[in-house]
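Please open the structure in a viewer and keep the sequence at hand.

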Amino acid sequence: YQDLRDVAVAPEHQFQLHYTFPGPNSKTDMRAGRPYKFYGINGELYDGISKFRVRRNVTYEWIIINEVAMDGTTATESHPFHMHTNHFQVGDNISYLNTRLI
């Protein structure tokens, strides 16, 4: 695999995502008979439907920020953010709650 850390990424392919994990006061719902706490991306509840489309052979840079929980409290844990069906490379790990993906 090619190391992508030094590849120039076009501005239109750079994204900053604010990932919000449930906090202690987050709403809980029942889904399939199990409690489900809400989490979101960029202030919107994640509904399981991808809002992002990537093209083959194009390098994207996603900066994932995980500082605030869905209920507005400070994030105390980090959920492993991952993508399905697309290869990715972790470019830098600023802190356990702030990871940059390429």
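The stops that follow belong to a predicted model.

**The core.** Begin by selecting Leu-17, Tyr-19, Phe-21, Ile-41, Tyr-60, Trp-62 and Ile-64, the 7 residues of the largest nonpolar core. Strands β1 (14-20) and β6 (61-65) each supply at least two residues of this core. In soluble globular proteins, nonpolar side chains tend to be buried together.

**The aromatic rings.** Next, select Phe-15, Tyr-60 and Trp-62, which form one aromatic cluster. The whole structure contains 2 aromatic pairs. In the stacked pair, Phe-15 and Tyr-60 lie 6.2 Å centre to centre, with 20 degrees between their planes. This pair links strand β1, where Phe-15 is found, to the loop between β5 (44-45) and β6, where Tyr-60 is found, 45 residues apart. Now turn to Phe-15 and Trp-62: their ring centres are 6.3 Å apart and their planes stand at 85 degrees, so this pair is edge-to-face. Because Phe-15 lies in strand β1 and Trp-62 in strand β6, the pair ties together parts 47 residues apart in sequence. Phe-15 is partly exposed at 29% relative accessibility, whereas Tyr-60 is buried at 12% and Trp-62 is buried at 8%.

**Thr-20.** Then select Thr-20 in strand β1. Is Thr-20 buried or exposed? Thr-20 is buried, with a relative accessible area of 11%. Beyond its neighbours within four places in sequence, its contacts include Tyr-39, Ile-41 and Val-68.

**The hairpin.** Finally, select residues 28-31 (β2) and 34-37 (β3), antiparallel strands joined by 4 bridges. Asp-29 stands opposite Tyr-36 in β3. With 2 residues between the strands, the hairpin includes Ala-32, which takes a positive phi near 55 degrees.

How values were computed. Residues numbered from 1 in each chain as written. Predicted model: local features only at pLDDT ≥ 70, side-chain atom pairs only at ≥ 80, totals over all residues. Heavy atoms only, no water. Core = buried A, V, L, I, M, F, W, Y, C linked by side-chain atoms within 4.5 Å. Buried < 20%, exposed > 50% of the residue type's maximum accessible area, 1.4 Å probe, protein only. Contact = heavy atoms within 4.5 Å. Pairing = 2+ DSSP bridges. Phe/Tyr/Trp six-rings, centres within 6.5 Å; stacked < 30°, edge-to-face > 60°.
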